[in-house]
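This report looks at a nonpolar core and at charged pairs. The structure comes first.

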Amino acid sequence: QYVSMPVEERQVLVELLAADNSNTSVGASSPWKWLKCKICKKGMSLFEGKVASEGCGLADSFAVSVCEAAGLGPEDPLADVCAAAFVAGCSAIAKDIEGHITDKDKLCKDIHMC
């Protein structure tokens, strides 16, 4: 279960997810960058509502469900990576929501998913 994942492991997953692939031959148009951005935008619709209504504490446990709803299966390790990014970025998302920012592109950029 994601919620019990040690903080160090979560941070590694977040770093992998947010990694800049611009130094590779694929560059900025990497399919990985496109995929994580697409998943973020789809999942953000659900996650931002949970953060707005219940705060980050309760939204953290909701993150895996959000990533699965965005198209990652329950046995897909990318669902954990996705959830780690949402959890790690929750305070940034909450700050944006408090500032009345709801644009999915901006929210996903702020958590380094786009």
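This is a predicted model: local features need pLDDT of at least 70, side-chain atom pairs count only at pLDDT 80 or more; totals for chains, interfaces and linings use all residues.

Lys50 is partly exposed, at 22% relative accessible area; the cut-off for buried is under 20%. Its salt-bridge partner is Glu54, with the closest N and O atoms 3.3 Å apart. Glu54 is also partly exposed, at 37%.

## Bridges between H2 and H5

The structure holds four salt bridges. One of them joins Asp105 to Lys41, with a closest N–O distance of 2.5 Å. Asp105 belongs to helix H5 and Lys41 to helix H2, so this pair ties together parts 64 residues apart in sequence. Asp105 is partly exposed at 32% relative accessibility. Lys41 is partly exposed at 31%.

Lys104 and Glu48 form another salt bridge, at 2.3 Å from N to O. Lys104 lies in H5 and Glu48 in H2, so the pair links parts 56 residues apart in sequence. Lys104 is partly exposed at 24%. Glu48 is buried, with a relative accessible area of 10%.

## The nonpolar core

The largest nonpolar core has 26 residues. Cys40, Met44, Phe47, Val51, Phe86, Ile93 and Ile111 touch the most other members. Helices H2 (31–69), H3 (77–88), H4 (90–98) and H5 (104–110) each give two or more residues to this core. H2 gives the most, with 10 residues.

What does Cys40 contact, leaving aside neighbours within four places in sequence? Its contacts are Phe86, Cys108, Ile111 and Met113.

Methods
Residues are numbered from 1 along each chain as its sequence is written. Side-chain values use heavy atoms; hydrogens and water are left out. A nonpolar core is a set of buried Ala, Val, Leu, Ile, Met, Phe, Trp, Tyr and Cys residues joined through side-chain atoms within 4.5 Å. Buried means under 20% relative accessible area, exposed over 50%, partly exposed in between (1.4 Å probe, protein chains only). Helices (H or I, at least four residues) and strands (E, at least two) are DSSP runs, numbered from the N terminus. Contact means heavy atoms within 4.5 Å. A salt bridge is a side-chain nitrogen of Lys or Arg within 4 Å of a carboxyl oxygen of Asp or Glu.
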